[in-house]
Amino acid sequence: KIIIDGNSLTLDDLVNVARYNFPVEISKDALEKVKISRGIVDDIVEAGQISYGITTGFGKFSDVVISKKDTHKLQINLIRSHACGVGNPLSEEIVRAMMLLRINALSKGYSGIRLETLQILIDMLNKGVHPIVPEKGSLGSSGDLAPLSHMVLTMIGEGEAIYKGEKMSSKDALEKAGIKPLEYLSSKEGLSLNNGTQCMTAIGAITAYDAINLMKTA
């Protein structure tokens, strides 16, 4: 079992999870940090405070204020609009590494995600529900918005996934694994889940690990 606290994940840990299916669990300290961070986001929404990506649009729409009742719609629209990758799907190993790295980043307690949202991603990883993520579509330094959005689609029961070697709808994959999909994305959660570089980091990490072993072998 690999304990995730947002700070101590190693390359060996990542490979053990991505390649050898070690289970993961969040540390108690990380759980508390996630809860505290979520409370801050809820307070911002309740107070009607202007805060980027929570009560405003994104990018050039950062000056557009979003009403409290539309904050959920804003987050789901962010994911659906950015799930536009193309090409062959990434390997299950890379997808697992990407999921783990996102869990690790969110466990730092800075993103304001709900604990139940983070737990679904952990359950998917531990039970082998692997979103189908096209290999092309990353925005590079702006983040792996497209690949991560495809990952999030499965969390809400949309898109497609691989479960026990079989391709199916995400909804069916979650049901077979005994995981209930998210009913909605709350304030800030879409941004928390897709704004990162975990896809390119996953590919780089796996490549580095294999290169190290090749050098040792040589």
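## Helices across the sheet

Helix H6 (residues 145–155) lies across strands S4 and S6. Its direction is about 135° to S4. Helix H7 (residues 170–177) lies across S4, S6 and S7, at about 110° to S7. Helices (H or I, at least four residues) and strands (E, at least two) are DSSP runs, numbered from the N terminus. Angles run from 0 to 180 degrees between N-to-C directions, with axes fitted to C-alpha atoms, for helices over the stretch in contact.

This is a predicted model: local features need pLDDT of at least 70, side-chain atom pairs count only at pLDDT 80 or more, and totals for chains, interfaces and linings use all residues. Residues are numbered from 1 along each chain as its sequence is written, and side-chain values use heavy atoms, leaving out hydrogens and water.

## The sheet

Three strands form an open, antiparallel sheet in the order S4-S6-S7. Strands S4 (129–131) and S7 (166–169) are the edges, each pairing on one side only. Neighbouring strands are turned by 35° on average, direction ignored.

S4 pairs with S6 (residues 160–163) over three bridges; pairing requires at least two bridges found by DSSP. His130 stands opposite Ile162 in S6.

## The cores

The largest nonpolar core has 53 residues. Such a core joins buried (under 20% relative accessible area, 1.4 Å probe, protein chains only) Ala, Val, Leu, Ile, Met, Phe, Trp, Tyr and Cys residues through side-chain atoms within 4.5 Å. Helix H4 (residues 92–106) gives the largest share, nine residues. Leu14, Val129 and Met155 are among the residues with the most contacts inside this core.

Beyond four places in sequence, Leu14 is in contact (heavy atoms within 4.5 Å) with residues including Leu9, Ala97 and Ile206. A second, separate core of five residues includes Ile66 and Leu191.

Technical notes
Buried means under 20% relative accessible area, exposed over 50%, partly exposed in between (1.4 Å probe, protein chains only).
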